Every structure is written in C-alpha cells, then in structure tokens.
Amino acid sequence: MSLHDSSLKDSRSAPATPGGLSVLSRLTDPRVYCTLFALSLLVIIPAWSGSTFMVHVFVTICVFGALATAWNILGGYAGQLSLGHTVFYGLGGYTAALLLTHFGLSPWIGMIAGAALAALVSLGIGYPCFRLRGPFFSLATIAFLEVVRLLSIHFNGVTGGSAGLVVPLQIGWPWMIFREKINYLYIAFGLLMLCLAVSYAIRHSRLGYSLTAVRERDSAAQAAGININGVKLWAMAISAALTALVGTFHAMYMTFLEPATLFSLATAIEIAMFALIGGLGTVAGPLLGTVLVVPLAELARGWLGASANGLHGFVYGSVLVIITLTLPGGLVGTFGPFVVRLIDRLPGGGRTRADVVAPATKIITGTPGEVVLKAQNLVKRFGGLTATDNVSLTLKRGEILGVIGPNGAGKTTVFAQLSGFLTPNAGTIEILGPDGKWHQPSSPDAFARLGIGRTFQIVQPFGKLSVLENIMIGAFLRHRSVDDARAVALRVAKLMGLDDVKDVEAGTLPIGGLKRLEVARTLATEPTILLLDEVMAGQSQSDTVKMVELIRAIRDTGVTVIAIEHNMQAIMSLSDRIVVIDSGKVIAEGKPDAVVRERRVIEAYLGEDFVDAQGL
Amino acid sequence: MDVLIQLVLNGILLGSMYAIISVGLTLIFGIVRVVNFAHGEFLMVGMYAAYLLAAKFGLHPYASAIPVVLLLFALGALVQRFLIQPLLSADEHIQIFATVGLSTALVNLALLLFGADLYSVPPSAAQGSVQVAGFTLVKGQIVMFVCALALVAGLHLFMQSTALGRAIRATAQNRNAALLMGVKVDKIYVIAFGMGAACVGLASALVMPLYPVTPTIGTYFVLTAFVVVVLGGMRSMYGAFFGAMIIGLVDSLSGYYIAPDLKEVVYFALFLLILIFKPTGLFGLGRGTE
C-alpha cells in the first residue's frame with residue numbers, strides 16, 4: 001500500500017502500478033492529475049494575468065523551485081547540507097556567458113558545458129568533504145563558495161570582476177533573451193519540470209533508497225553493500241549539474257553577472273531554506289516551500305519598495321526558525337500523508353499495489369565442505385589493548401560455526417574484521433568469490449558484494465523507513481529494480497515473521513523485532529556467508545526456537561553461518577563447530593560437546609577457583 | 001626585515017581580535033556541541049549596541065563593554081533556552097538550520113532598522129598609534145591583545161578552580177555522566193551559550209572604535225572565526241587562541257606578499273586543508289569532526 005511510503009515523505013508520488021499501464025489509465029489517477037493541474041497553474045496564472053510583474057514573480061518561483069529541488073537531491077536525499085550550492089549556479093552562469101561573449105556560442109550549448117563543468121567541480125569538492133560530519137560539511141561548502149567568489153573577483157580579466165559582465169544582447173530563442181517576458185517563463189518552467197522529474201526518478205530508484213540508507217545510518221548501509229561515497233558523489237554531481245543549468249538560464253534572464261550575486265552565500269542559504277520549509281528529502285517539498293515563501297517576499301518588495309530592504313530576508317529567517325521549532329519535517333513531511341489521503345478519495349483514487357512475492361532463492365552451489373573464508377593471524381590493537389591477538393579461522397561451506405566467549409573477549413571485534421568494518425593491524429582475510437577466485441576486499445561494501453552478510457549486535461535499523469523498505473535496502477545489493485527488490489523483501493519479511501509489521505516505521509519496533517529485522521536486511525543481500533552477532537538476545541523463548549530452526553533452514557540452502565551467541569543452549573544445539581575466544585585469543589576449537597568440557601573454557605567463563613574447586 | 005617584523009606584529013594584534021570571537025565560538029561548540037552559525041550576527045548586534053550607547057549617551061565603546069557584555073550574555077542565554085534547547089535531541093540538520101535562520105533574520109532585521117549605511121563611533125584615541133622601537137602599533141589593537149590574554153587567563157582560572165567551571169567541563173566531557181552526577185546540564189548549557197555570546201560582546205565593544213558597523217559585518221568576521229576554530233581543534237580554548245594568532249599572521253603576511261584581495265583565499269584554503277586532512281586541528285588539541 002503506497003500510502004505507507006510516506007515514511008519516505010513523498011506526497012505526490014503516483015502509485016507504481018504493476019506492469020506498464022497505459023498513459024490514459026495513469027492520468028485518471030487523482031495523484032497524477034492533481035499534480036499536473038497544480039504544476040500547470042505556475043504557467044496559467046501569470047499567462048492569464050498578463051502582468052510583467054506576475055511573470056517575473058513566477059519566473060523567480062520556477063528558478064528557485066528548480067534550484068531547491070536540485071539542492072534537495074544532495075541536501076535532502078543524501079543528508080549533506082551544502083550551504084555553498086551557488087558555486088554551481090554561478091559556474092553555470094559564467095560558463096555560458098563567457099562562451100557566448102568570447103566564442104559566440106549559444107547559451108543552450110553553454111548550459112550543457114556549464115553543467116558538465118559543475119558536475120566535475122562538485123566531484124572535486126565532494127570527494128574530500130564527504131568525510132566531514134554535519135555542520136563541518138556545511139562549513140566546508142561555504143569555504144569553497146567564498147574561495148570561488150574571491151577568485152572570480154580577483155581574476156577580473158576573465159569575469160569582469162566586481163564591476164560585472166553584461167551579456168551580449170542578441171534576441172531570440174537561440175540566445176535565450178526575449179522581449180516577450182513570457183518566453184522566459186516557458187524555459188524556467190521547463191527547467192523546473194526537468195529538476196522535478198530527475199528528483200522523482202531518483203527518489204523511486206535504487207540510488208534514492210541507497211541515499212536514504214546512507215543518510216539514516218551509514219554503517220548499516222555499508223553492510224548492505226552500499227558504497228557510501230559513491231552514491232553521495234552521484235547525488236552531488238547530479239545536483240550540481242541541474243543547479244548549473246538553472247544558473248545559466250538565470251544569468252541570461254538577468255543579462256548581468258557579478259560575483260556577489262552569482263556566488264552569493266545568502267542565495268545559497270535561501271535555496272536550502274526553501275527545501276527545509278517544504279520538507280527535506282521529499283519530491284514536492286522544495287517547490288512547495290518556494291511557492292509559499294518567494295511570492296511573500298516579492299510582493300513585500302513590490303508594495304513597500306526600498307523601505308522594505310531586508311524585510312524579505314527577515315521573513316525568510318524567521319519562517320525558517322519557526323519551522324525548525326514546530327515542523328521539523330517541513331510542510332510536506334508533516335501534512336503530506338494527510339493530503340495524499342484526501343487526494344486518494346477523488347475519483348479514480350486509492351489504488352493499491354499488488355504485493356508480488358519473489359520465489360525462494362536458488363540454492364547456493366559449490367562443493368559442501370570446501371573452505372570459503374580464511375582468516376590468518378589477525379591482530380587488532382586499540383591503543384595498548386590487543387583486542388584480537390593472532391586469531392586464525394577457516395570457514396567451510398555449509399557449516400554453522402559458533403563463536404562463544406565471555407563478555408569483552410573480542411568476538412565482535414573479530415566479526416568487524418571479517419566484514420571489513422575494521423582493518424586488522426596484521427593478518428589477512430581471504431574470501432572465495434562467486435568466480436571461484438580468492439579475494440581480499442578492503443571496504444565493508446566490497447565484503448558485502450562478495451557475499452558476506454553481517455548483522456550488528458547493537459541493532460542498526462533505518463529508523464524512519466518502514467520495515468519493508470529496510471529490507472529492500474538489503475535486497476538492492478543483488479536486484480537493481482525497485483519492483484524486484486520489493487518482491488525479495490516481501491519474501492524475506494514473511495520468512496522472518498515480519499510481514500504483519502512490514503509497513504511500520506522500523507524505529508518503533510520492539511527489540512525482538514529489531515533483531516529479526518537485522519537478520520532480514522542481511523538475508524535480503526542474499527549472502528553466501530552469514531555473520532550473526534547475538535541475534536537471539538532479546539528474543540522470547542519461542543522466538544529463539546524459531547530462530548534456531550530458521551538458521552538451520554538458511555544453512556540448508558547452502559549458506560555458511562558464523563554466529564556469536566551467549567544463549568548456550570541455542571548455540572550448542574545449532575553449531576557444527578565451536579570456537580572459543582577469550583582475551584582476544586582463540587582458546588579452544590572443536591565439536592560443541594568436546595569444547596564445553598575443556599578446562600580452559602570453563603576457566604574463562606567461571607574462573608580458576610571454580611575449576612579447582614570442582615577438581616576438574 | 002623591518003617590514004616583516006611590522007607585519008608579524010600587525011598579525012598578532014589582528015589575531016587577538018579573532019581570538020576573542022573564536023574563544024566564544026569554541027565555548028559554545030565545545031560545551032553545547034552546537035555550531036553557532038549566528039555567532040557573527042551576535043557580533044553585529046553587540047556593535048550596534050555599542051554604537052547606540054555612544055550615539056545616544058556619549059559612552060566610549062570601552063566603557064560600554066560592560067552593558068554590551070551583559071546584553072550579549074542575555075541574548076546568548078535566551079537563544080540557548082528558547083531555540084537550541086528544544087532542538088538538542090533533534091536531527092543535526094535541524095540544529096544547523098535553526099542557527100542559520102537566526103543569522104539570516106538578524107542580518108535582515110539590522111538592514112531594516114539601520115539600512116545598509118556604515119555607522120562608526122566618533123574618533124577616539126584608540127585609533128591612534130604608538131611607536132615602539134621604530135614599529136607602529138595601533139593603540140586599540142594593543143588593548144585588544146591585552147584583553148584577549150586576560151580573557152583566556154580568566155576563563156582558564158574560572159574553568160579550573162570554580163565549582164561551576166568544573167561542572168561545565170564535566171558537561172563538555174560527557175553530558176550523560178554529568179547529568180547522573182547531579183549537574184543541571186540544561187542550566188550549564190544556558191550559561192555556556194551566554195558566556196560564548198558574552199565573549200563576542202567584549203569583542204564588539206573593542207572592535208567598535210576601529211571598524212564601522214554594517215548589517216553584514218558579522219559574516220565577514222565569523223567566517224574567519226570558523227577558520228580559527230577549526231585550526232585550533234574545535235573544542236580547545238587554547239587552540240582557538242593560537243589559531244587566531246596564526247590566522248592574524250596569515251592575514252597580515254599574505255595580504256602583503258600575495259595580494260590584499262587574496263588573503264581570504266589563502267586562509268580559506270588553509271581551512272579546507274586542515275578540515276580535510278587534520279580534523280583534530282593543527283595542534284591536535286581537539287576531537288575534530290567525529
């Protein structure tokens with residue numbers, strides 16, 4: 001039921017009906033016709049009024065709506081708050097204007113060149129800056145903007161410096177300059193539609209889900225095989241290119257370029273502000289925020305003239321503060337689901353999507369019993385503490401290996417190394433890939449792609465996504481299309497007993513459910529080796545029994561399982577082989593019944609005194 | 001050689017102004033863990049206050065330091081209590097937007113009230129200079145240097161040897177542990193934010209005799225203050241002090257040896273390099289961007 005997609009905050013999404021329905025049938029969906037009607041008002045109102053001022057206001061709305069929509073791809077979907085996005089806007093403007101001035105190239109060509117340049121520059125900014133957290137990323141983008149602005153003033157031979165640059169006035173469509181102002185509106189509206197279409201497509205694609213996953217919780221995203229920096233760079237490049245397109249148009253509209261307006265920090269902040277007011281990470285939000293705030297400011301300027309200098313900024317700032325305090329989800333995030341419900345009551349509305357469940361996964365082929373993972377002499381130190389001290393492990397296909405040991409023994413640290421989240425100080429980890437060759441992956445997402453699936457002892461759900469969407473994030477590792485991922489996720493949800501709560505926001509699940517969700521998300525990546533870190537903890541007695549059966553069933557499909565567990569009864573009955581870790585060392589290894597009798601194991605758990613008293 | 005020494009002196013004196021602003025920013029970030037994007041606008045508010053006190057009551061900006069510091073303390077405390085505190089557990093981007101919104105609102109409020117004109121206080125002895133061993137030093141800047149040293153020393157004593165100072169340090173180290181030890185964390189935050197803003201109040205009273213005030217003056221100073229804070233390791237008051245000196249030197253030297261309009265490019269470049277490659281700051285005094 002697509003209503004519950006509202007957890008991803010999207011009020012205007014058309015339901016993705018299975019199969020390709022005809023255009024006509026899509027148009028009769030109220031979500032589609034309401035959206036189209038609302039958008040067309042952006043052209044109809046000013047065209048009907050015929051006033052130049054109205055046309056100007058609506059061009060401004062389209063331009064800022066497009067900028068905010070483009071910004072939202074990075075700031076909303078990926079959660080990277082760029083406050084220097086006018087770098088790309090200015091690049092688009094200057095590239096086209098300079099190509100036109102010096103080479104007589106049409107701004108339509110300059111537009112493409114500007115977008116390409118902006119995308120390249122954005123990669124140069126994004127690559128080093130994505131390691132910065134929250135406000136520091138914002139500060140770095142401001143710094144980049146300031147550097148570019150100061151340089152563009154300094155090199156006045158190229159840019160005209162502070163004095164500015166006047167665009168050669170050639171009139172007509174090839175030169176993007178018109179006497180009839182309404183033509184500007186057509187282009188601005190077209191650009192807005194382009195930005196909205198791209199934003200919508202991303203939001204409903206694998207990239208969109210990956211970005212949301214990275215924004216919500218990067219460790220779990222990595223475990224699901226997402227290349228964190230890769231997806232962020234994509235978001236940044238797309239966002240920058242769109243911003244530059246709009247920048248070119250706006251420069252031609254204003255016919256005058258100066259660094260202070262093209263590389264303006266205030267404008268960069270406004271763009272982000274509109275997106276937040278409307279709703280970060282939603283398709284419709286940025287445009288809605290613009291539509292609400294821009295006319296207010298433009299009208300104030302129109303009525304009060306220069307005496308109102310600063311009024312619009314004051315209004316923007318105050319609205320922003322009020323929104324952060326009262327509606328942190330923005331307008332769409334807060335009221336979107338309600339509005340969608342209303343719209344669905346219109347004729348033709350309320351369509352639901354048929355749930356397609358994927359068939360069971362194929363049995364993993366390969367010789368049972370062959371070695372699939374070799375960890376040799378792993379050492380991991382944290383300062384003076386050696387958390388992993390010369391640990392070697394091999395895993396054989398199709399076995400269940402139990403890892404036990406007292407609290408603080410270093411079990412989870414070993415797991416973190418086996419899944420790429422920690423790099424050992426010494427030692428190697430080799431994994432038999434699906435190609436039959438041995439690999440030494442170096443990042444968590446590379447481990448995941450080779451078929452290592454891990455759960456986290458401290459659960460890592462994507463709290464604001466629904467349970468099903470959480471599982472889909474895992475499924476995207478092996479399935480590109482949303483429909484396939486959804487079908488796989490539904491199957492896994494059923495398997496893990498989560499189908500009743502599949503539309504619930506994951507953050508609201510109790511701990512037992514969250515533990516199962518961890519397993520579900522990992523299973524959806526279709527791993528060949530499954531690393532389970534205390535998945536029985538927090539489960540009821542009957543759930544534990546079910547989990548044991550489930551792990552056996554997973555193994556029977558050919559998956560190799562390695563599990564850390566404190567629930568001794570469960571792990572002893574489950575495991576083919578047990579490894580005991582204490583103080584970072586492997587102290588015993590063997591069949592479950594043999595291991596529990598070993599003196600060193602009992603010592604590790606109960607202490608030497610106990611062992612002596614028992615006369616063992 | 002003489003030129004170089006003069007430039008170094010200029011740089012250190014200029015740095016002391018950044019030091020006062022940056023120490024305030026560091027207090028807020030180090031304790032409340034919020035990056036205050038409106039910090040520059042606090043400076044602007046303080047400068048307008050000092051200007052009004054001078055214009056209406058003929059108060060010398062140095063004399064107005066006390067009321068301005070108190071005013072800014074109150075402003076900071078109010079912002080913490082009614083804007084930041086409700087958002088402490090909100091998403092990080094909401095906190096960023098809250099102070100960014102406050103900054104935008106304050107700049108434009110000033111524009112509405114005072115217009116874009118420059119206002120300055122009547123000329124005073126602070127603008128004059130003294131000759132020391134053949135080098136020229138601006139008196140107002142010497143005052144700032146002394147005040148910056150006194151501020152850091154005073155804060156050091158306060159943090160190390162008073163009960164409140166200890167409570168503040170405990171809160172900065174671990175909010176939850178402090179809470180469990182009976183520290184009223186919310187109150188500490190209000191005080192810390194107020195103190196951070198009060199530092200800016202001091203800075204604005206000291207800057208007023210030397211610079212005219214405009215609505216956007218805060219943006220100019222605060223971007224530099226952010227550079228300083230990152231350089232100093234984000235959470236260390238001493239780091240901020242030395243970072244400010246370095247930026248003062250970079251400003252003074254690159255303005256002379258490279259180009260006056262590119263000195264900001266130099267320290268923004270420095271800022272990006274530090275942020276990206278050594279997020280714990282130049283001296284490794286902070287915990288940086290984690």
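**Chain contact, helix packing and an open sheet**

In this predicted model, 36 residues of chain A and 38 residues of chain B form the contact between the chains. On the side of chain A that touches chain B, the elements giving two or more residues are helices H5 (107–129), H6 (134–154), H13 (265–278) and H15 (311–326) of chain A. H6(A) gives the most, with 14 residues. By class, this side of chain A has 24 nonpolar, ten polar and two charged residues.

Within chain B, helix H1 (residues 2–32) packs with helix H8 (residues 185–207). Their axes lie 8 Å apart, at an angle of about 170°. H1(B) is therefore roughly antiparallel to H8(B), as the angle is over 145 degrees. H1(B) contributes residues including B:Met17, B:Ile21, B:Gly24 and B:Ile28. From H8(B) come, among them, B:Tyr189, B:Phe193, B:Gly196 and B:Val200. The residues of this contact of H1(B) with H8(B) comprise 19 nonpolar, two polar and no charged.

Chain A also holds an open sheet of six strands. The strand order is S8-S9-S10-S5-S11-S12, and the pairing is mixed. Strands S8 (452–454) and S12 (585–590) of chain A are the edges, each pairing on one side only. From one strand to the next, the twist averages 15°. Strand S5 (residues 400–404) of chain A pairs with strand S11 (residues 577–582) of chain A in the parallel sense, over four bridges. A:Leu401 has A:Arg577, in S11(A), as its bridge partner. Helix H25 (residues 599–606) of chain A packs on the sheet and touches S11 and S12 of chain A. The direction of H25(A) makes about 130° with that of S12(A).

Technical notes. Residues are numbered from 1 along each chain as its sequence is written. Chains are lettered from A and ligands numbered from 1 in the order in which they are written. This is a predicted model: local features need pLDDT of at least 70, side-chain atom pairs count only at pLDDT 80 or more; totals for chains, interfaces and linings use all residues. Two residues are in contact if their C-beta atoms, placed from the backbone, lie within 7 Å. Ala, Val, Leu, Ile, Met, Phe, Trp, Tyr, Cys and Pro count as nonpolar, Asp, Glu, Lys and Arg as charged, and the others, Gly among them, as polar. Axes are lines fitted to C-alpha atoms, for helices over the stretch in contact, and angles run from 0 to 180 degrees between N-to-C directions. Angles under 35 degrees count as roughly parallel, over 145 as roughly antiparallel, 65 to 115 as roughly perpendicular and the rest as oblique. Two strands pair if DSSP finds at least two bridges between them.
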